[in-house]
Amino acid sequence: MAGFLDCLKQLMDYVKTQDPSMQFPDYCTINIDKIGEYSIKLQISFGSGDETWTRALKSVLRALKSLLLYATR
């Protein structure tokens, strides 16, 4: 999943260079294995591990939605 985030970050950076007015929300900031403040790595633990991973994937979907909206305008 970290590789997928790297590809997503590269695509977001490319869009920003093509259209400087395009701004992604703060929850779409990608840093190594984190998107926003949530880690994309699946934690094998009981409790909040699954919830954190789910929130990270929700942020990935939001970033993809922003890219799709940009591509269709």
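Is Ser21 buried or exposed? Ser21 counts as exposed, because its relative accessibility is 58% and the cut-off for exposed is over 50%. The model behind this value is predicted.

## Overall layout

The chain holds two helices and three strands. Followed along the sequence, these elements come in the pattern α-β-β-β-α. The C-alpha trace spans about 45 × 20 × 15 Å along its principal axes.

The chain has 73 residues, and 27% of them count as buried. The accessible surface amounts to about 5200 Å², with 58% of that area belonging to carbon and sulfur atoms. Contacts can also be sorted by separation in the sequence. Taking those between residues at least 6 apart in sequence, 53% join residues at least 24 apart.

## Charges and rings

There are 9 positive and 8 negative side chains in the chain. The centres of these two sets lie 4 Å apart.

A pair of aromatic rings is described by two things, the distance of the centres and the angle of the planes. In this model the count of aromatic pairs is zero. One ring does have a charge over it: the charged end of Arg62 sits over the ring of Tyr27, at 4.6 Å from the centre of that ring.

## The loop between α1 and β1

Helix α1 covers residues 2-18 and strand β1 covers residues 30-31, and Ser21 lies in the loop between them.

Which residues does Thr29 touch, leaving aside its neighbours within four places in sequence? Thr29 is in contact with Lys34, Ile35 and Gly36. Thr29 and Lys9 are 20 residues apart along the chain, with 8.3 Å between their C-alpha atoms.

Asn31 belongs to strand β1. Its relative accessibility is 53%, so Asn31 counts as exposed. Asn31 and Leu5 are 26 residues apart in sequence, while their C-alpha atoms are 8.6 Å apart in space.

Ile32 lies in the loop between β1 and β2, where β2 covers residues 34-35. Ile32 is exposed, with a relative accessible area of 69%. What is the phi of Ile32 near? The angle is near 55 degrees, which is a positive value in a residue other than glycine.

## Trp53 in helix α2

Helix α2 covers residues 48-71, and Trp53 is in this helix. The relative accessible area of Trp53 is 26%, so the residue counts as partly exposed.

Where residues up to four places away in sequence are not counted, Trp53 touches Ser39, Ile40, Lys41 and Leu42. Another residue, Gln43, is 10 residues from Trp53 along the chain, and the C-alpha atoms of the two are separated by 7.7 Å.

Technical notes
Residues numbered from 1 in each chain as written. Predicted model: local features only at pLDDT ≥ 70, side-chain atom pairs only at ≥ 80, totals over all residues. Heavy atoms only, no water. Helix = DSSP H or I, 4+ residues; strand = E, 2+ residues; numbered from the N terminus. Buried < 20%, exposed > 50% of the residue type's maximum accessible area, 1.4 Å probe, protein only. Contact = heavy atoms within 4.5 Å. Areas by Shrake-Rupley, 256 points an atom, 1.4 Å probe, with all protein chains shown as cover. Lys, Arg positive; Asp, Glu negative; His and termini not counted. Charge placed at Lys NZ, Arg CZ, Asp CG, Glu CD. Phe/Tyr/Trp six-rings, centres within 6.5 Å; stacked < 30°, edge-to-face > 60°. Lys NZ or Arg CZ within 6 Å of the ring centre and 35° of its normal.
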